[in-house]
Amino acid sequence: MGILEKIAEIEREISRTQKNKATEYHLGLLKAKLAKYRAQLLEPSKSAGAKGEGFDVMKSGDARVALIGFPSVGKSTFLSLMTSTESEAASYEFTTLTCIPGVIEYKGANIQLLDLPGIIEGAAQGKGRGRQVIAVARTADVVIMMLDATKGDVQRELLEKELESVGIRLNRSKPNIYFKPKKGGGLSFNSTVPLTHCSEKLVQLILHEYKIFNAEVLFREDCTSDEFIDVIVGNRVYMPCLYVYNKVDQISIEEVDRLARRANSVVISCGMKLNLDYLLEQLWEYLALICLYTKKRGERPDFGDPIIMRRAATVEHVCHRIHRTLASQFKYALVWGTSTKYSPQRVGLTHVMEHEDVIQIVKK
């Protein structure tokens with residue numbers, strides 16, 4: 001019995017089992033086994049086959065965005081519109097067969113946009129280059145999920161399921177669980193909140209499935225057994241996702257209104273170039289980037305060449321970005337902008353910068 005058959009068997013067993021208090025331990029064990037088999041499925045095979053065409057693209061620019069979607073939803077058209085890169089677009093499926101990178105220039109930042117081949121159902125098992133596509137998506141900062149507005153919610157649910165099964169968690173934060181395997185001493189289990197989904201017995205059963213008998217576990221929030229399994233496995237990626245519904249010019253205005261009001265969703269039309277500027281604004285918010293400007297003593301700020309940093313970056317991060325030795329020679333900095341009480345304010349290395357601040361660094 002191969003791994004795929006075992007996974008299918010467990011999934012059937014889970015769907016057959018009623019969810020109640022008596023079956024939660026059984027379900028928890030099945031989920032742990034499922035996660036284990038899926039991890040084995042993602043591991044590359046030991047016997048390396050013939051080298052094919054390279055798929056991964058070198059990371060460049062200030063941030064990386066992956067375009068994921070079914071074939072023929074408008075990913076290549078979107079890349080061609082947003083960047084100066086031409087990606088072949090046609091009305092048949094699988095026009096794009098490899099990863100095509102482009103660069104969006106927005107607010108002084110270079111955002112790398114990756115046009116990935118279309119995902120089909122069963123991609124997590126390796127169908128249609130699905131594994132390579134998903135492996136590239138794991139390295140992105142934000143995922144843009146391109147969906148066909150005329151197809152309803154079917155595509156969204158299938159894609160979420162595929163990404164979920166390979167350990168990509170969309171628009172979710174990491175579970176607040178402290179977990180540390182130990183050499184001996186058995187299981188130490190504590191929680192700072194009342195638990196409704198997990199119990200000590202269930203946690204012990206799941207750990208036994210992973211051959212872990214000595215560990216320290218502390219739940220700081222009420223998590224499910226799935227989230228606890230994610231913490232044990234440890235290779236899960238938590239990333240923001242923007243659901244982009246394309247081809248809204250082909251549906252009714254009521255349907256457009258319904259889709260636009262959904263959480264983390266934007267409606268666009270690549271054919272008629274509708275709402276693309278709003279999508280860029282949303283993307284900037286999701287990437288959590290800020291622009292900072294530098295200033296030399298006695299001169300005007302350099303607004304032509306901004307430094308792009310992540311939100312909540314400190315003066316120390318700015319020093320490292322300019323030059324790695326600058327932080328050791330740092331005396332103080334003068335900052336103009338919204339992060340200060342008055343302008344200019346003299347600050348230290350721990351001061352948190354905000355969007356469009358101006359900074360002048362004084363060395364010892």
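A residue counts as buried when its relative accessible area is under 20%. Arg236, at 17% relative accessibility, is therefore classed as buried. The model discussed here is predicted.

**Salt bridges**
- The whole structure contains 12 salt bridges.
- Arg236 forms one of them with Asp230, at 2.9 Å from N to O; Asp230 is also buried, with a relative accessible area of 5%.
- Asp230 and Arg236 belong to a network of salt bridges that also links Glu164, Arg169 and Arg172.
- Asp148, buried with a relative accessible area of 4%, forms a salt bridge with Lys151 (3.9 Å, N to O); Lys151 is partly exposed at 46%.
- Asp148 also forms a salt bridge with Lys247, with the closest N and O atoms 3.5 Å apart.
- This second pair joins distant parts of the chain, since Asp148 lies in strand 4 and Lys247 in the loop between strand 10 and helix 8, 99 residues apart.

- Five strands form an open sheet of mixed pairing, in the order 13-12-16-14-15.
- Strands 13 and 15 stand at the edges with a single partner strand each, so one side of each has no neighbour in the sheet.
- The twist from one strand to the next averages 35°.
- Strands 14 and 16 pair in the antiparallel sense over six bridges, and Leu334 stands opposite Gln360 of strand 16.

- Asp357 lies in strand 16.
- Asp357 is buried but has no salt bridge; Arg311, the nearest side chain of opposite charge, is 12 Å away.
- Contacts of Asp357 beyond its sequence neighbours include Cys291, Tyr293 and Trp336.

How values were computed: Residues numbered from 1 in each chain as written. Predicted model: local features only at pLDDT ≥ 70, side-chain atom pairs only at ≥ 80, totals over all residues. Heavy atoms only, no water. Helix = DSSP H or I, 4+ residues; strand = E, 2+ residues; numbered from the N terminus. Buried < 20%, exposed > 50% of the residue type's maximum accessible area, 1.4 Å probe, protein only. Lys, Arg positive; Asp, Glu negative; His and termini not counted. Salt bridge = Lys/Arg side-chain N within 4 Å of Asp/Glu carboxyl O. Contact = heavy atoms within 4.5 Å. Pairing = 2+ DSSP bridges. Axes fitted to C-alpha atoms, helices over the stretch in contact; angles between N-to-C directions. Lists of a residue's contacts leave out its neighbours within four places in sequence.
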